[in-house]
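Dear colleague,

Please find below the structure that I am handing over to you. My notes on what was found in it follow directly after.

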Amino acid sequence: MTIADDDIEPVTIDVHSGSPTEDELAALIAVVTEAYTGEAAEAVADDRRSRSAWELSQRSLRQPLRRDLGWGRFGG
């Protein structure tokens, strides 16, 4: 997986102790980038849609009235 130049967001690295060389910082960036791209490639979202609490609690809609049947024995 490659990252396009347009997709790169600026990242800041703050060194709080020690004085790493440019090679050490480059190695750190390479390892973190590889780990990130590996995780991003393996990450899969669940496509199944779960029902919300509202959907679980609501009643089903009733069937529309059949007007052709009339009103009980009075129809016809």
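**Findings**

Ile 29 is found in helix H1, which covers residues 22–42. Please note that this is a predicted model. Together with Ile 13, Val 15, Leu 28 and Val 32, Ile 29 makes a nonpolar surface patch of about 400 Å².

Val 15, a member of that patch, is also touched by Pro 20. The other residue that Pro 20 touches is Leu 25, when residues up to four places away in sequence are not counted. Pro 20 itself lies in the segment before H1. With a relative accessible area of 33%, Pro 20 is partly exposed.

Thr 37 also has its place in helix H1. Is Thr 37 buried or exposed? Thr 37 is buried, because its relative accessible area is 11% and the cut-off for buried is under 20%. A polar atom of the Thr 37 side chain lies 3.0 Å from the backbone oxygen of Glu 34.

As for the protein overall, there are two helices and zero strands. Of its 76 residues, 1% are buried. The accessible surface comes to about 8,200 Å², and carbon and sulfur atoms account for 53% of that surface.

With kind regards

Note on methods
Residues are numbered from 1 along each chain as its sequence is written. This is a predicted model: local features need pLDDT of at least 70, side-chain atom pairs count only at pLDDT 80 or more; totals for chains, interfaces and linings use all residues. Side-chain values use heavy atoms; hydrogens and water are left out. Helices (H or I, at least four residues) and strands (E, at least two) are DSSP runs, numbered from the N terminus. Buried means under 20% relative accessible area, exposed over 50%, partly exposed in between (1.4 Å probe, protein chains only). Accessible areas come from the Shrake-Rupley method with a 1.4 Å probe; for residues, only the protein chains shown count as cover. Patches are made of residues with over 30% relative accessible area and no salt bridge: like charges are joined within 9 Å, nonpolar side chains (Val, Leu, Ile, Met, Phe, Trp, Tyr) within 5 Å. A salt bridge is a side-chain nitrogen of Lys or Arg within 4 Å of a carboxyl oxygen of Asp or Glu. A polar contact is a pair of N or O atoms within 3.5 Å; within protein, one must be able to donate a hydrogen and the other to accept it, and residues adjacent in sequence count only if both atoms are side-chain atoms. Contact means heavy atoms within 4.5 Å.
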